[in-house]
Amino acid sequence: MDYKIQDIEKSFEGKITENLGNNEYLIKINDNEHRLTILNMTSKGIEFILDQKYHRAKYLEQSTNEMNLVIDNVPITLNIHTHFDEVVYKKTGGGGTVDSQLSLKSQIPGKVVSIAVQEGDSVKKGDVVCTLESMKMQVAIKAHKDGSIKSIKIKDGGTVAKGDAVAEIE
Amino acid sequence: MIEKVLIANRGEIALRVIRTCKTLGIKTVAVYSDEDRNSLHVKQATEAYHIGEASPAKSYLNQEKILEVMLSSGADAVHPGYGFLSENDDFARLCEKNKINFIGPSADSMDLCGDKMKCKAAMLKAEVPTVPGSPGLVKDADDAEKISNEIGYPVMLKSVYGGGGRGIRIVTNDKELREGFESVTGESIAAVGKSAIIVEKFLEKTRHIEYQMARDTHGNTVHIFERECSIQRRNQKLIEQTPSPAVNDEIRARIGEIVCRAADAVDYTNLGTAEFLRADNGEFYFIEINARLQVEHPITELVSGLDLVKLQIDIANGESIPFKQNDLKMNGYAIECRINAEDTFLEFAPSTGPVPDVTIPAGPSVRCDTYLYSGCTVSPFYDSLMAKLCTWGQTFEESRTRMLSALNDFYIQGVETSIPLYKTILNSDEYKNGELSTDFLKRYDMIERLAKDLKKEKEEKSEAALAAAIIHSEYFKSRIQNRTSNNSNWKNKLD
Amino acid sequence: MLTLETKMHSEKIEGFSKRKKTSLQAGGQDRIKAQHDKGKLTARERIDLLLDEGTFTEIDPLTTHHYHEYDMQKKKFFTDGVVGGYGTVNGRQIFVFAYDFTVLGGTLSKMGAKKITKLMDHALTTGSPIIGIMDSGGARIQEGIMSLDGFADIFYYNQLASGVIPQITASLGPSAGGAVYSPAMTDFVIMVDKIGTMFVTGPDVVKTVLGEEVSFEDLGGAMTHGSKSGVAHFVAQNEYECMDYIKKLLSYLPQNNTEEPPKTTTDDDPNRLDHNLINIIPENPVQPYEMKEIINSIVDNGEFFEVHELFAPNIIVGYGRMNGRVVGFIANNPMYLAGALDIDSSNKAARFIRFCDAFNIPLVTLVDTPGYMPGSNQEHNGIIRHGSKLLYAYCEATVPRITLVIGKAYGGAYIAMGSKNLRTDINYAWPTARCAVLGGEAAVKIMYRKDLQDAKDPESLKKQLIDEFAEKFENPYVAASHGTVDNVIDPAETRPMLIKALDMLENKRAKHLPRKHGNINL
């Protein structure tokens, strides 16, 4: 199937070409074949040898088209099934890139100290939408794209969890 | 003689104090809030008392509650750590009144140091050079604007009662001054309940160099060398090192003598730190005295061989400092990296939550002071400092490479950390050459370089990541062969 | 693996390989391209996305129709419009069938129905969930009545399976006419915005018969069914998200009705107190607040999976875990209609309760409702009938039931939201709870009508009487004194108290007298 690694503009095609038995496999990444030996595998992680080099990976949360793992202490997010992306995003648009999302999500948890915009206001990417307080520091949540505020999802003094939508910008 | 110390703090500094007390055979009393029930400092102290809810105001800043514990536990001394009540002269007085030995300066000298205006006046009298600025507190934004225009932009707005980098704004024109004045006032009130602002000239391309000072109750004053803490963001230190590349033996002795004069001028007792800004032309300007043990004290310990917490306790016991200035010799080079739970790319926004797995680096001349353990939680209620990673080397290069290797070994799962940023900084030519300044991050585009480094790291790991993803499906296929799910409830139901 | 190098039976092997390849092509490359151009994945692609990789075993890939009327013999395709089989989702066995739009528009034939019912039969006998992916033009006209009979077979199995195994439908294309009834009979429906549509009669016929002009989306699109009709429990933004919803939903459900829902371990302390909970309720009783904030605080790790989010927002239903155990939550939402109960919310909650009851999922109800919505609109549309469903559903449920009264609980709504005498197992109340027949103002107006009429200063008398009423009745203590509330609890302790109750009730066993089935007012 097709894969994409986030933050790196490259696509990869990968599959298992042969199961050699005894936990050894031949896999193909793009046009290169590699030998992989599984040392230890659970649903949470895997230790393996790829072309004579040892690696350790932890599988973090996963959704249908995104796999999060930590490989040798480096966190990497992969998009999987990417050969379907063109079809799946055709009608609903965007997906993948944060910019085209409707919701502006908060990257941190915190308490709402101030809301800088109102519904209907037009904003540019980078404009401050609201300010949250966490760990005694105030952090501004900025618009992720140009547009106008469709709705505000938070209220003054309320608490926001990581990943919560603070506003919708269209 | 102190026999039982209550540590009015938490996290790694509480552990630090407990460790020294243990070696001295002193009993320890830990206090903890709801959040910290499972903390290491609670588990390692001789006794532990619950003092309140998570929010600092209800626990670690709750003087009445802490006093209650001091009296009921029979503690005869209190170590305030850093932050929280460590520079609160009311608390120091409360301890004095209740005959509890406050391991730190006297309440009066703490008050003097904490009041930046009074302190500045004392320094001027002792002929310690200070930064140009407002003669006293500014009355309001208008006053601040007038003074700023007099001494010339850029200026720094500073909350007199701030500390640890909070309550500070740098502004370059009248408009920014107005905005900055408001937020500094707000932060000051939020942190300590009162507002008082001074204006100081902001010097560009400065180096933050501070001196460890110690003074006992018999009037003996020494300095235990300098530390360079120039690499900061939002006026909070990230990396500290000693000796400073900008200080040679002559300068060390000359400024050291000024430090001792400063300590005498405020009749300081116990350990403290005199902070200076070194301008680009080599001039040193006194900023303030931090009347407490500093976060970065470990690097001083590494190059001096001293246990500074022990020194604090000895001085609090009324003993004389057991060495003279000439006895102290600097040995080697030490670096400390403050490992914070922050997302570098979100302007260092705090990252909190459970830490299911952590690997703490170790090895020769690698020291890590931390409260982390696998399964702990980084709380949103407290500071983002998780660990202090320190290394020592015979040469600067040795301590630097040792630090890089230690950073590589340090794995913290579950929160974003500043570790990748430090790797980028320590690998940079500018750092290697000692070209430090307080605007280091911005001046040398460190964040952009970090992004590039991370991308490169991901590229290097991409093949292995793909292999891990491709082989992931094998797990489920293999499970079909080993399926053990057997629901005899379903299968063998007889009705 | 068979290769062409195998010498024996080479002709037969070749014939086998060819058929296998053709089956995978379904309706042919052109039709596959057309499907992709519409922004839709093919049936096999969807099954690939849903199941754990490499676990799909297909059943009946070589079926074809056997029709000869209307030149149908020229249009024979393997799988005949439905692809199905079994596999695992996160390691758990499920059965799945997907209508294949590339084959004759995904229309249902006798063989297609046969395949679906075969799979449903397997799911029933093995006690595994079954998932249906809709993308069909409806009945195959050429097959006439046989196609309709096929649908009837499917509906029959839907009924057989109802309450025995979880049935989930994903709407990833059209389903019209009779076809929509199968999804309606299943337990959960997920529709993908701008891709899935469901209606009994399409816009063309609607225009012809009624002259009403309405678009596909407005008539039966995902948002319409998600928010207006309540047919769709989830609205996904794209096919990836749809599969994510299904997988997430399955993680809360048991394989079948003889199993407990899957229990996990959690590091969220079951004794975690939250002193902030009491601050979520405003002092002013007419001010709304977010009930979801309370739910987020008490569930493990703040994870609450809301079901039917866009429909009847005045009541919240969904799944959460408490100390690793799956719990079904029902809560009034003061942000909409002040949390009043009405037709839609009664239906939404009643169906949710009955599903949880069928599948051994305990129920926790959080109450803050001023009563049922008044008005001729509600009355004429049968609030009496629909409201009774909620009462019936609660009474019928034998799973552990816990109710926590947070704010108002007046009149019929007090009874309906899991009150003690509906044989709820544990009833708790916060100190802010107010259990009464009516709110103070309304009650005083009725009870003291004469006194108020005769009074010299009716306004101050009214205020005095309201205050007295409030002290007497607008609190949980009267209820507590009668044991109709088991205890008034400290809001900070809500999570540990609920978990303790759930632990205590874990082995609850209750049964009703045998009867064919009750007569819930449908």
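**Strand pairing in chain A**

In β16(A), A:Ile169 is the bridge partner of A:Ile149, where helices (H or I, at least four residues) and strands (E, at least two) are DSSP runs numbered from the N terminus. This is a predicted model, in which local features need pLDDT of at least 70 and side-chain atom pairs count only at pLDDT 80 or more, while totals for chains, interfaces and linings use all residues. Residues are numbered from 1 along each chain as its sequence is written, and chains are lettered from A and ligands numbered from 1 in the order in which they are written.

- Strand β14 (residues 147-152) of chain A pairs with strand β16 (residues 165-169) of chain A in the antiparallel sense over three bridges; two strands pair if DSSP finds at least two bridges between them.
- β14(A) also pairs with strand β11 (residues 122-123) of chain A, again in the antiparallel sense and over two bridges, and there A:Ser122 stands opposite A:Ser148.
- Chain A holds a closed barrel of eight strands, which runs β1-β2-β3-β4-β5-β6-β7-β8 with antiparallel pairing, and the twist from one strand to the next averages 35°.
- Within chain A, strand β2 (residues 11-21) and strand β3 (residues 24-29) run antiparallel and are joined by six bridges, with A:Asn19 opposite A:Tyr25 in β3(A).

**Confidence in chain B**

- The average pLDDT of chain B is 90, and 95% of the residues score at least 70, pLDDT being the predictor's confidence in each residue, from 0 to 100.
- In chain B, helix α17 (residues 488-491) has the lowest confidence, at a mean of 72, whereas helix α10 (residues 297-304) has the highest, at 97.
- Where pLDDT is low, the predicted coordinates should not be read in detail.

- Helix α5 (residues 107-114) of chain B is mostly covered, since seven of its eight residues are buried; a residue is buried if 20 or more other C-beta atoms lie within 10 Å of its own, exposed if 12 or fewer, and partly exposed in between, with C-beta atoms placed from the backbone.
- The buried residues of α5(B), among them B:Met110, B:Leu112 and B:Cys113, pack against α4 (89-97), α6 (116-125) and β13 (284-290) of chain B.
- Strand β11 (residues 236-242) of chain B has six of its seven residues buried, so it is largely enclosed by the rest of the structure.
- β11(B) pairs in the antiparallel sense with strand β10 (residues 221-233) of chain B over four bridges, and B:Lys237 in β11(B) is the bridge partner of B:Gln232.
- The hairpin of β10(B) and β11(B) has two residues between the strands, and in this hairpin B:Arg234 takes a positive phi near 50°.
- β11(B) pairs as well with strand β14 (residues 333-340) of chain B, in the antiparallel sense over four bridges, and B:Gln241 stands opposite B:Ile335 in β14(B).
- B:Gln44 is found in helix α2 (residues 40-44) of chain B and is partly exposed, with 15 other C-beta atoms within 10 Å.
- Leaving aside neighbours within four places in sequence, B:Gln44 is in contact with B:Leu15 and B:Ile18; two residues are in contact if their C-beta atoms, placed from the backbone, lie within 7 Å.

**A helix pair in chain C**

- The axes of helix α4 (residues 110-126) of chain C and helix α5 (residues 145-161) of chain C come within 8 Å and cross at roughly 10°; axes are lines fitted to C-alpha atoms, for helices over the stretch in contact, and angles run from 0 to 180 degrees between N-to-C directions.
- α4(C) and α5(C) are therefore roughly parallel to each other, a term for angles under 35 degrees, while those over 145 count as roughly antiparallel, 65 to 115 as roughly perpendicular and the rest as oblique.

**Contacts between chains**

- Chain B brings 29 residues into contact with 39 residues of chain A, and α16(B) gives the most to the side of chain B that touches chain A, with 17 residues.
- The contact of chain C with chain A takes 16 residues from chain C and 13 residues from chain A, and the largest share of the chain C side, four residues, comes from α10(C).
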